[in-house]
Amino acid sequence: MTMDAIKPARRTERIQYAVRDVVLVARQAKAAGRELLYLNIGDPNQFDFVTPPHIVDAICRAMRDNHTGYAPSEGLPVALEAIRAQAARNGIRAVRDAFVGNGGSECIEICLSALADEGDDVLLPWPGYPLYSAVLNKLGVVENPYFLDESNGWQPDPADLEARLTPRTRALVIINPNNPTGSVCERRTLEALVEFAARHKLVILCDEIYDRLVLDDRLPHVSLASLTDEVPVLTFNGMSKAFLGPGLRMGWCVVSGPEQRVRPLVDAIHKFLRARLCANLPVQYGIVPALEGDQSHVATVVAKLRARRQITVEMLNAIPGVSCVAPAGAFYAFPRLEIEEPDEAWVKRLILETGVVVVHGSGFGQRPGTAHFRVVFLPPEETLRRAFAAIGDFMQQSRIARVS
């Protein structure tokens with residue numbers, strides 16, 4: 001008997017995740033015999049970075065001690081205490097709640113689910129991390145993009161935010177340091193964003209997962225929530241990046257702001273926390289040693305990244321048709337392309353013809369009429385040099401082909 005194909009939900013139609021979508025093209029290149037040079041995914045452990053042993057030891061010890069059952073829905077008390085203490089060290093005073101999730105991604109999805117109704121909108125940075133777009137599309141919440149200013153080091157532009165505001169805007173998302181541009185917000189920019197949110201009664205979701213990976217001493221990281229006790233701020237962090245454990249899937253959120261304003265939202269968040277039972281218990285035992293133990297690995301990581309950033313910026317800016325704003329944090333760059341085709345098509349050709357795997361800029365959002373691509377400069381220096389040389393050759397051959 002012939003059966004009709006199952007029709008998927010409409011909410012899936014607009015969900016894309018460019019970082020992983022390019023892997024399908026990379027598989028084609030590999031099948032054709034290309035050696036692949038991966039500059040597409042922000043996973044330090046795929047290269048010469050290792051999770052600090054004292055964090056791993058704490059997690060393994062928890063498993064040997066049979067701490068493998070359910071945890072409190074909001075998180076292990078000692079872990080939450082360490083998270084609150086770190087928030088205080090970052091200058092956040094009006095902490096009202098903290099909870100953990102299976103990665104920062106789950107924390108973000110729970111908060112957006114608790115905050116926004118279908119038809120509401122949330123201000124998202126373009127370029128920005130595509131998780132936010134995917135979650136909002138799933139929830140039926142409108143993605144309301146605001147543009148970062150490439151001519152000003154990819155800083156958010158408060159004037160552009162004013163132009164984007166609607167009567168149903170509920171929240172402002174800030175990613176600092178930013179993925180995919182590597183920008184770090186100046187203090188005066190953050191102060192302007194706080195003032196904007198206060199004036200329009202918005203909640204701020206501030207993603208600070210790269211806060212320890214600042215590469216430019218002229219732009220120290222400032223936790224946005226440290227600048228206000230009056231604006232509700234949801235600050236996200238976790239063990240994926242600075243603590244070199246992306247596969248541990250352990251993140252957290254700190255809720256700050258006026259108690260009366262944030263309490264209903266906190267209560268709604270905890271409904272979702274209880275409904276999903278709990279986050280991974282053994283990994284929660286790694287939070288205290290991560291936040292309060294040896295931090296010496298961070299300096300080593302930052303030193304490596306600074307050297308690799310230098311290669312990235314110098315080699316990309318030396319390629320005709322490519323320009324790259326120097327990233328101030330994280331491990332991404334977002335070069336601009338002068339090309340006569342969509343950046344997604346350009347990236348596909350690059351992967352198939354050279355084996356260099358990058359991600360098209362349109363997958364992160366960008367100003368209309370511009371083209372970019374994202375590179376990850378986590379790989380060793382020799383790999384980066386080979387990849388950028390291949391991109392240079394590819395651009396030159398493309399120009400020759402157009403002329404001929």
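This is a predicted model: local features need pLDDT of at least 70, side-chain atom pairs count only at pLDDT 80 or more; totals for chains, interfaces and linings use all residues.

**Entry 1: D120.** I started with D120, which sits in the loop between α4 (104–115) and β3 (121–126). Helices (H or I, at least four residues) and strands (E, at least two) are DSSP runs, numbered from the N terminus. Residues are numbered from 1 along each chain as its sequence is written, and side-chain values use heavy atoms, with hydrogens and water left out.

Is D120 buried or exposed? I found it buried, with a relative accessible area of 6%. Buried means under 20% relative accessible area, exposed over 50%, and partly exposed in between (1.4 Å probe, protein chains only).

The side chain of D120 makes a polar contact with the side chain of R168, at 2.9 Å. A polar contact is a pair of N or O atoms within 3.5 Å; within protein, one must be able to donate a hydrogen and the other to accept it, and residues adjacent in sequence count only if both atoms are side-chain atoms. Skipping neighbours within four places in sequence, I listed V141, V142, R168 and R170 as contacts of D120 (contact means heavy atoms within 4.5 Å).

**Entry 2: the sheet.** Next I traced an open sheet of eight strands with mixed pairing, in the order β2-β9-β8-β7-β6-β3-β4-β5. Its edge strands are β2 (95–101) and β5 (155–156), each pairing on one side only. Two strands pair if DSSP finds at least two bridges between them.

β2 and β9 run antiparallel and are joined by six bridges, with G101 standing opposite G251 in β9. Six of the seven residues of β2 are buried, so β2 is largely enclosed by the rest of the structure. β6 and β7 (residues 203–207) pair in the parallel sense over five bridges, and I spotted L172 opposite I204 in β7.

Entry 3: Which residues does a cis peptide bond with omega of about 0° join? I wrote down W126 and P127; P127 is in the loop between β3 and α5 (131–139). The bond from N176 to P177 is cis too, with omega near -5°, and P177 lies in the loop between β6 and α7 (187–200).

I also checked phi. R249, in the loop between β8 and β9, has phi near 50°, a positive value in a residue other than glycine. R249 is partly exposed at 34% relative accessible area. A330 has a positive phi as well, near 60°, but A330 is buried at 0% relative accessibility. I placed A330 in the loop between β10 (322–323) and β11 (332–333).

**Entry 4: P220.** P220 is in the loop between β7 and β8. P220 is exposed, with a relative accessible area of 53%. From P220 to V141 I got 79 residues in sequence and 33 Å in space, C-alpha to C-alpha.
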